[in-house]
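Hi everyone, thanks for making time today. Let me put the structure up on the screen, and then I'll talk you through it.

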Amino acid sequence: MSSRLLINKTYKQFIGGAFERSESGRSYPVVGAEGQHLAHAVQGSRKDVRDAVASARSSQEGWAGRTAYNRGQILYRVAEVMESRRDEFCAEVLRATDGCSEKAAAAETAAAIDRWVWYAGWADKFPTVLGGANPVAGPYFNLSVPEPTGVVGIVAPDEQPLLPLVSRLAPVIVSGNTAVVLASERCPLAAITLAETLALSDVPAGVVNIITGHRDELVPPLAGHVAVDSLDISGCDSEQGAAAARQAAATITRVISASTAERQWADEAAQSPYLIDAFCETKTVWHPKGR
Amino acid sequence: MVFGVLSPNASLSITSPILGRVTDLLAVDAPVGAADAVAGIRITPVDAVGLEQRAASLCTRSIKTSSKAAALDLAVRMMDLTTLEGADTPERVQALCARARHPDAADWSVPPVAAVCVYPELVPVAVGALADSSVAVASVAGGFPAGLAPLEARLAEISWAVAAGADEVDIVLNRSAFLSGQYQKAYDEIAAAKQACGSAHLKVILETGELGSYDQIRRASMLAMVAGADFIKTSTGKIGTSATPPTALCMAEAIRDMAEQTGRAVGLKLAGGIRTAKQAWHYLVIVGETLGSGWLTPERFRLGASSLLNDVLMQRAKLRDGRYQRREDFSVD
Amino acid sequence: MTDRSSIGRELEPAGEFSLDYAPAPESTAPVRLASQYGLFVGGEMVEPAAGGMAPTINPATGETLAEVSVADAADVDYAVAAARAAWEGGWRDLPGSERAKYLYRVARLLQERAREFAVLETMDGGKPIRESRDLDIPLAAAHFFHYAGWADKLDYAFSGRRAAPLGVAAQVIPWNFPLLMAAWKLAPALACGNTAVLKPAPTTPLTALLLAEVLRDAELPPGVVNIVTGDDATGAALVSHPGVDKVAFTGSTEVGRAIGAELAGTGKRLTLELGGKAANIVFEDAALDQVTEGIVNGIYFNGGQVCCAGSRLLVQESVADAVVGKLQKRMDTLRVGDPLDKNTDIGAINSQAQLDRIQELVASGVAEGAELYTPACVLPERGFFHPPALFTNVSTAHRIAQEEIFGPVLSVLTFRTAEEAVAKANNTPYGLSAGIWTEKGSRILWMADRMQAGVVWANTFNRFDPASPFGGYRESGYGREGGRAGLLPYVELVA
């Protein structure tokens, strides 16, 4: 018997480009579709959220300052690296999803990869489509452009391990936002595997930060953080989402949640330039036209 | 921040110690803003749209009825009654001078105008006709209206006009030199003209309609003022574009900067296209709001016009009689 | 800073003539005021259920203009029901081209009655007639005209998606641009196929009530627009009403926070246009005379009672004295007084409460050590007036540099480099607007990129247009009004 002991992966949080355990030192067991133990995930703390937001904040200007072409290439690179690690993602999806077939896992993985490609292509197009010249009644040049809103908190949906996360994350960062993601509490491991992919894909440190742990503990510090400009509560249940929105209101943080159509994750309706726009601010610049 | 203060005389001399610096800063690529303060003069850029909006807004002011009569009289007293035609004859100039003394034959309470403006050849006629009056004689000179006669000839023409009795001389900026970037040359010529004027007042016509932008108008205004102009003037009246509210505002702002930065008060003359009393009021408002009431005097503000006078007189008569007037009843000179 | 006021004094000869502007009061003849106003619900003026009335006064005189209804929860319920009935009863299914025609009619009727609206706006709100005549009313009409054209072109607005209406929009507007804000709210809502319940500000209800007449004359179907006047409780009842699908609010950040919290978890769509503390940034190479006008327009337009007012002047140190000198001289020429006078630049402050707040903040500026300049001007004996004010020696920590004053009060700060200007400009939780003054094109674009502000005016300030999106970053709110972006708050994009 040529038995070789497998090397199990330690799933760590992804903050500021580094894989770290929680400052609290805690972890929680993650079980698979059949109730089998898969791994221990980090049980992140409010301080981890704080650190992740700080990291996202400090990297935001630089990320937004990259050329659109560069951001597009980096998102495409994410797809490339995911493609090369397809089997790993399929396995993550399969073991985390109740009643999932290999075919379904492969389909989810493929859709997630394709979603990166789709949004990669928008990087240098969405400002053309969403902004433009405004013909004002006066001697002025007037141009509106969508700009990233800043730091976006994303509460990832729970229903599938990979595709919903990618569907919410890609439109956020393509415009130059940075993100703090609370991974699905139930199936966080694919999120960490995605983080490993991001780390290999030229995504600058801090652009995406992924925290794992208990929602009840992590959503409030994220929603209440003053430095979070926009909050995607797609992964919150209604009570949790309402509480998060109440907190967000204190600092006029934008609150966004996936529509019913967007929750058909495999459909084309789940992807849209207007979803990029939802995490942008329209800036309008006026200048006189004179000799 | 300390601005250097030019004494009035310093800027009159061609050998002014600041000459070099002045022409440096007038250069096309001269830095604007703080760097100019070294020479004591700032040439502020002009935003066309903002300037035009401010001018338009000033033109919506309404003057008090009781002030209107005084404003109309002031407009008359600020007027340079002008005839600059090749067909001008001694008879025509004499008629004009008679109007200048008593603008309204039917109402001798109307004050005389500031000056009569003619070609040099007709200066002696005007001098004779205006003897014993307060009306000054102004002469265009210096190769008016192009200003491209040889410099010696232009200076000689100025000297001739002054010798013939002109109190004021209206010359043109050398746009050929100015627009080709030869600011030193343009400056030197004005300074030389100032010398040739002696005690006569020098008005420098910028011909703003040919300068292409308000920035250039502002630059030309500063150049002319620093070179010694007693007045800066908009136009010859010989091209399509002449005085406009934004042009007047642009030049008034330059004059304000000159006064602020050097303590020297330069006058403003608007010419061409001013035909109605209403326009004259607008210009009074622009100058009054920008430069203060200190400029609302013929010593510092002139309106060069030929057809304006009748409209002012009509409005004056309307104020007096309360009836609108018939244009044909006013002088056709 | 150097005192430049004495320079040029010797140039002033004896004033042989001074410009006296006529008191040029606009006639109030076109305005026919009723003594009492009801609520506009279901296409009719109705009395409030509980009969509550409150006076609305002319802030320039303190005189009561009329008694206006105070809607209570029952009235709001009635209005929302009327809006719902109108929506379900046909407005949502009306072809866009037909909705467009109603809005075009409204635009034209506003233009026809512009004089009347302008005078009434000035009487009720205190703003100079020059502004209500030249800006508020024409822009309100233009806004209806602009969005009329969108009503049948929504399919072209969001490629790949269909724009479906949301239902009933609850719209709460402020007192600083009463009719214009009503237009900003109603025109896109109706163009997109929604119906509306509009709640004007307590101190400025009259032009909205006159608008009701226009809507009736335009034969707008009953209930498509309902106007409920009242107080803060009326507004609270409206935004929290369960029959409302969308809430749009313009006003203070404080109330915006409360509405956001109130609506959390309800699924109602919300857009907010809140406060501001805009930086107006002047570089040394700028066109300083137009800068002066821009600063004046930025802070003294509508007496500074403007959310996007350029209330923080950031001026490069090398030209600070020159700019402040020019500004002070210009301030000396500002005419404060009767808002109905066509020559008036600064009219009345909207209310006693607002005047109190301005005075309190000005006092805090003085107490904190900033230097106050106000031109010598005689304020009217009656009414609420405040002279134009300028603070120098201001530090970023001062309250006058941080808090929205909403009055004719400017704080001057200096900077040395563009980086410092950016840091100081963005050093506020707000992000509505910013001004940049420089002749250098690349610097404008570099600065504009870095401004955390929804509207950036370069070499101009306080320009508005229906085609141009307006709205804030950060705590200045979210959502845009104007242009294509202004449709988004009133539609659901359906695949």
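This is a predicted model: local features need pLDDT of at least 70, side-chain atom pairs count only at pLDDT 80 or more; totals for chains, interfaces and linings use all residues.

Residues are numbered from 1 along each chain as its sequence is written, while chains are lettered from A and ligands numbered from 1 in the order in which they are written.

So, chain C. It has 14 helices and 20 strands; these are DSSP runs numbered from the N terminus, with H or I of at least four residues for helices and E of at least two for strands. The radius of gyration of chain C is 23 Å, which agrees with the value near 23 Å for a compact globule of 495 residues. That radius is taken over C-alpha atoms, and the globule rule is 2.2 Å times the number of residues to the power 0.38. The C-alpha box of chain C is roughly 75 × 50 × 35 Å along the principal axes.

Of the 495 residues in chain C, 62% are buried, meaning that 20 or more other C-beta atoms, placed from the backbone, lie within 10 Å of a residue's own. As for contacts (C-beta atoms, placed from the backbone, within 7 Å), 73% of those in chain C between residues at least 6 apart in sequence join residues at least 24 apart.

How is chain C divided into domains? The assignment, which is automatic or from a database, gives domain 1 (36-274 + 474-494) and domain 2 (279-458). Their centres, over C-alpha atoms, are 30 Å apart. Domain 1 of chain C brings 19 residues to the contact and domain 2 of chain C brings 25. On the domain 1 side, α3 (114-125) and α4 (129-151) of chain C each give two or more residues, and α4(C) has the largest share, with three.

One helix to look at is α10 of chain C, residues 317-332. Its 16 residues reach 23 Å from first C-alpha to last, close to the expected 22 Å, where the expectation is 1.5 Å times one less than the number of residues. Its buried residues include Val319(C), Leu327(C) and Met331(C). Among the elements that the buried residues of α10(C) pack against are α9 (288-300) and β16 (409-415) of chain C.

Over to chain A, with 10 helices and 12 strands. Its C-alpha trace spans about 85 × 35 × 35 Å along the principal axes, and buried residues make up 53% of its 291 residues.

Now, where do chains A and C meet? Here 29 residues of chain A are in contact with 36 residues of chain C. β12(A) gives the most to the chain A side, with eight residues. Three bridges join β12(A) to β18 (residues 455-458) of chain C, and the two strands run parallel; pairing takes at least two DSSP bridges. Trp286(A) stands opposite Trp457(C) in β18(C).

Last stop, α11 of chain B, residues 277-291. Since 13 of the 15 residues are buried, α11(B) is largely enclosed by the rest of the structure. Gly292(B) follows α11(B), with a positive phi near 90°.

Notes: A residue is buried if 20 or more other C-beta atoms lie within 10 Å of its own, exposed if 12 or fewer, and partly exposed in between; C-beta atoms are placed from the backbone. Two residues are in contact if their C-beta atoms, placed from the backbone, lie within 7 Å.
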